[in-house]
Amino acid sequence: MKKVAIIGAGVSGLYLANLLEKEKDFEYKIFEKRTKLNLEEGYGIQLSVNSIKLLNKIGFKNLSAHDLSYPKRVNFIDAKNNNKICDIDISKFNDETNFYTTLKRTTLINFLLEAIPEKKINHNIELKSIGYDGEKLNVYFSNNENEFFDYIIVSDGVFSNSKSIIAEKHITPKFYKSVALRGNIKNYDNPDVSIFMGSNFHFVIYPVNQNKEYNFISIIRKNLSEHQLSDKKMFENDDFLQSLLGNINQNSILDLKSNLENIKAFPIYVSKKFEIINKKNIFFVGDALFAFPPSFAQGASQSIETSNDLYEDIKNNNSRFYKDRIKKINSVNWRSKLNHFAFHLKSPLFAFIRNICLRYLTKNEKFLESYLGKIYRN
Ligand SMILES: Cc1cc2nc3c(=O)[nH]c(=O)nc-3n(C[C@H](O)[C@H](O)[C@H](O)COP(=O)(O)OP(=O)(O)OC[C@H]3O[C@@H](n4cnc5c(N)ncnc54)[C@H](O)[C@@H]3O)c2cc1C
């Protein structure tokens, strides 16, 4: 019986736990920093068919369709006048059982938690250090206890402290000079994913269930000083939130000010580079492995894919994990950066040219297959 320590109970760690739960040859424990997982927030998440396929393997298809939404199109809209530029039929990447899905993040987390016995999640614990004792890893935790494991899987997100401990150097993500503003939007009715593009910002609205609840997420270019970034209170300050919202509201025909609820802001951080930390039987998944800019909505889907690849690798005693991942990470990363750039064009001339290109490319099968199909179908 192999023992696995999973550090971090986010999408990647919990998905991996679901896979291990079905294995007789593995036992696992999850170590989570927070005292409690957030299971109530109503914010959304988009999952493309690559991750839906993997989620369906562990029973996601049994979730009530009422708690999910299956958008068929992605609309590209000029935020200033609400004119639709073009759309992509994303349902063409679906098959009979796997559909592009939008939902509440908490619906996903609750689903992932269903199969995991409560006692396997240890809260309020962080990794402190690791030593090798023969073939085993001797893991020391913040509660001053230690335990032997065969594998350590690090899934503690973009700010992974465990990564620095294991690599024995300080590894930090970089601020992407952007801030996310998220909330729930009322008085909106459209079953698609709609991307509203503006000058130095874009926002995306999509349904999170069949109950006419919609998620709003905006990415706004904003440079902040180190001092501002460390000021957690600033991100909760109502004046700061209202100034971000005011900025988008001024440049959008939608009345966001009156219709947005539960707004929250946070800075966007991404990985500086893909670092392979070669330590025997220690692996990184999800954002701890690599965090992308969010404009391609692939972070969670990639986290699920990574955990699945790693599971196959350790189960079959292979060592292909990083080799296969590097290619995919590069492909997703440049697409995410390109989207971020294209969605935010400031110059009206460049935006005009972008719109012409978008109209052409979104109807070009070869382009769609290469830009989206390669990511969604794997
Ligand atoms: C604005 C925005 C919108 C996004 N929208 C989408 C989307 O629509 N679709 C999509 O696919 N992706 C999206 N993403 C990306 C996605 O949310 C992440 O890629 C995904 O959640 C990463 O999962 P994870 O398990 O690696 O990390 P996380 O979900 O961050 O989980 C990490 C866990 O580890 C815990 N932890 C942290 N430090 C420690 C420690 N030292 N010890 C123990 N535990 C620790 C944390 O408390 C947390 O529970 C978005 C990201 C952003 C910023």
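Let's start at Asn259, which sits in helix 8 (residues 256-259). Helices here are DSSP runs of H or I with at least four residues, strands are runs of E with at least two, and both are numbered from the N terminus. This is a predicted model, where local features need pLDDT of at least 70, side-chain atom pairs count only at pLDDT 80 or more, and totals for chains, interfaces and linings use all residues. Residues are numbered from 1 along each chain as its sequence is written, and side-chain values use heavy atoms, with hydrogens and water left out.

Is Asn259 buried or exposed? Asn259 counts as buried, because its relative accessibility is 14%. The cut-offs are under 20% relative accessible area for buried, over 50% for exposed, and partly exposed in between (1.4 Å probe, protein chains only). Asn259 also has Tyr188 to look at: the two are 71 residues apart in sequence, yet their C-alpha atoms are 8.6 Å apart in space.

Now for helix 1. Ten of its eleven residues are buried, so helix 1 is largely enclosed by the rest of the structure. Among the buried ones are Val11, Leu14, Tyr15 and Leu19. Glu21, in contrast, is partly exposed, because its relative accessible area is 29%. Glu23 is buried, at 16% relative accessible area, and its side chain makes a polar contact with the side chain of Tyr311 at 2.6 Å. A polar contact is a pair of N or O atoms within 3.5 Å; within protein, one must be able to donate a hydrogen and the other to accept it, and residues adjacent in sequence count only if both atoms are side-chain atoms.

Next come the charged pairs. How many salt bridges does the structure hold? There are 22 of them, each being a side-chain nitrogen of Lys or Arg within 4 Å of a carboxyl oxygen of Asp or Glu.

| Pair | N to O distance |
|---|---|
| Lys120 and Glu21 | 3.2 Å |
| Glu135 and Lys280 | 3.0 Å |
| Glu305 and Arg325 | 2.8 Å |

Glu305 lies in helix 10 and Arg325 in helix 11, so this pair ties together parts that are 20 residues apart in sequence. Both Glu305 and Arg325 are buried. Elsewhere, salt bridges that share partners join Arg73, Lys84, Asp87 and Lys363 into one network.

As for the Glu135 pair, Glu135 is exposed at 58% relative accessible area, while Lys280 counts as partly exposed at 47%.

Asn82 has a phi near 65 degrees, a positive value in a residue other than glycine. Asn82 is in the loop between strand 5 (73-78) and strand 6 (84-89), and is partly exposed at 35%. Asn317 has a positive phi too, near 55 degrees. Its place is the loop between helix 10 (299-315) and helix 11 (321-343), and Asn317 is exposed at 66%.

Leu349, Phe350, Phe352, Ile353 and Ile356 make a nonpolar patch of about 520 Å². Patches use residues with over 30% relative accessible area and no salt bridge, joining like charges within 9 Å and nonpolar side chains (Val, Leu, Ile, Met, Phe, Trp, Tyr) within 5 Å. Accessible areas come from the Shrake-Rupley method with a 1.4 Å probe, and for residues, only the protein chains shown count as cover. Phe350 lies in helix 12 (residues 348-361).
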